[in-house]
Amino acid sequence: MYFKNLSIPQKKPVLLSEALRFLEERFGVVITIHDCFGKLTGPDGEQVLDPYMIHRHPFCRHRRKESSACNAACIKDCLFHAESYARKQNLPFLHQCWKGGWELIVPIQQNGVLEFLFYAGVFRLKSDKPSAIPESVKSLYRSLPIRDQAELEKLACLLTGFGLSLFQYSSEKRAEPEYDRHTILRQKIRNYLSNHIHESIRLKDLAAELCLSETRTSHLVKRLFSVPFQSMVAEERINQALNLLRNPELSLKVIAEKTGFQNEYYFSRVFRSRCGFPPGRFRKERIDPDSGSAAGQGRDPSV
């Protein structure tokens, strides 16, 4: 009997990208991944699944570069409203944006923590009321395909399975080669900070997670990382901010909130103090100006 091997990508990032491309072609959607904690960023600072990390659909991109208010409305809708809803449950759902287009959103949680968020769109539903669509996007809206629920449910199942594989890949990528007690503790502390960096992290919270006293936890952090606890928290906030700054769709205010800073002004001050230059300069030097712009404030007054 003759066997013939198939030619498929051997590197996992390439294989993952090919799988996403197949899903996009099969279901006629554009897929975007929101990486909540920067776990898909490689050691060189580049995103593993670029360009799936930003919204590429023409319906989503329409007028965002020309209108800062339109850009802010999109961010508020997808990043805050949809993501806030996703954190409350662990089930796929359909979301209609302020422009009237629909997206399938699939949250991927582990141990109650939202790790990734898949957006698959943009499309129409048979039950839509075109009269409710803003005039500025009606022509684009009419060009969107109509999707039925059965197809969307199939896609939701496939994205859920893909998301679990993606989480496994991100965990393997970050795993240490050794498994001694100190290595396990280092990884546990780093994971805790990564998963809670958007919150107000206190030493007693980490101590409770490790089932140790605050004094013991403080000494342990200093011994394992050679810096005090608060310095380590600040370093983790800046590291995640560096990853988020690569996304041109996120304003400094949004990045400050997602990395646990009080506001964008305090974030800029700490960033400049630790990096030697403001976050805006880092963004301008690392992002092609034609790829997008920082988010504005408020909602598009024309809609």
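Trainee: Which strand order does the open sheet of 4 strands have?
Mentor: Two strands pair if DSSP finds at least two bridges between them. The model here is predicted, with pLDDT of at least 70 needed for local features and 80 or more for side-chain atom pairs, while totals for chains, interfaces and linings use all residues. Residues are numbered from 1 along each chain as its sequence is written, and side-chain values use heavy atoms, leaving out hydrogens and water. In this open sheet the order is β1-β4-β3-β2, and the pairing is antiparallel. Strands (E, at least two residues) and helices (H or I, at least four) are DSSP runs, numbered from the N terminus.

Trainee: Which strands stand at the edges?
Mentor: β1 (30-35) and β2 (93-96) do; each has a single partner strand, so one side of each lacks a neighbour in the sheet. From one strand to the next, the twist averages 30°.

Trainee: How many bridges join β1 and β4?
Mentor: The two pair in the antiparallel sense over 6 bridges.

Trainee: Are the faces of β1 covered or open?
Mentor: In a regular strand the side chains alternate between the two faces of the sheet. Buried means under 20% relative accessible area, exposed over 50%, and partly exposed in between (1.4 Å probe, protein chains only). In β1, Val30, Thr32 and His34 on one side and Ile31, Ile33 and Asp35 on the other are all buried. That is 6 of its 6 residues.

Trainee: Is lysine 12 partly exposed or buried?
Mentor: Its relative accessible area is 43%, so lysine 12 counts as partly exposed. Lysine 12 lies in helix α1 (residues 12-27). Leaving aside residues up to four places away in sequence, lysine 12 touches Tyr169 and Glu172. Lysine 12 and leucine 166 are 154 residues apart in sequence, yet 9.7 Å apart in space, C-alpha to C-alpha.

Trainee: How many disulfides are there?
Mentor: A disulfide is a covalent bond between the sulfur atoms of two cysteines. The rule applied asks for a pair of cysteine sulfur atoms within 2.5 Å. By this rule the count is 0. Cysteine 60 is in no disulfide, and its nearest cysteine sulfur, that of cysteine 78, is 6.4 Å away. Cysteine 60 has 13% relative accessibility and therefore counts as buried.

Trainee: At what angle do the axes of α7 and α8 cross?
Mentor: Axes are lines fitted to C-alpha atoms, for helices over the stretch in contact, and angles run from 0 to 180 degrees between N-to-C directions. Angles under 35 degrees count as roughly parallel, over 145 as roughly antiparallel, 65 to 115 as roughly perpendicular and the rest as oblique. The axes of helix α7 (residues 203-210) and helix α8 (residues 214-225) come within 9 Å and cross at roughly 95°. Therefore α7 is roughly perpendicular to α8.

Trainee: Which residues in α7 and α8 meet?
Mentor: Leu203, Lys204, Leu206, Ala207 and Leu210 in α7 meet Glu214, Thr217, Ser218, Leu220 and Val221 in α8.

Conventions
Contact = heavy atoms within 4.5 Å.
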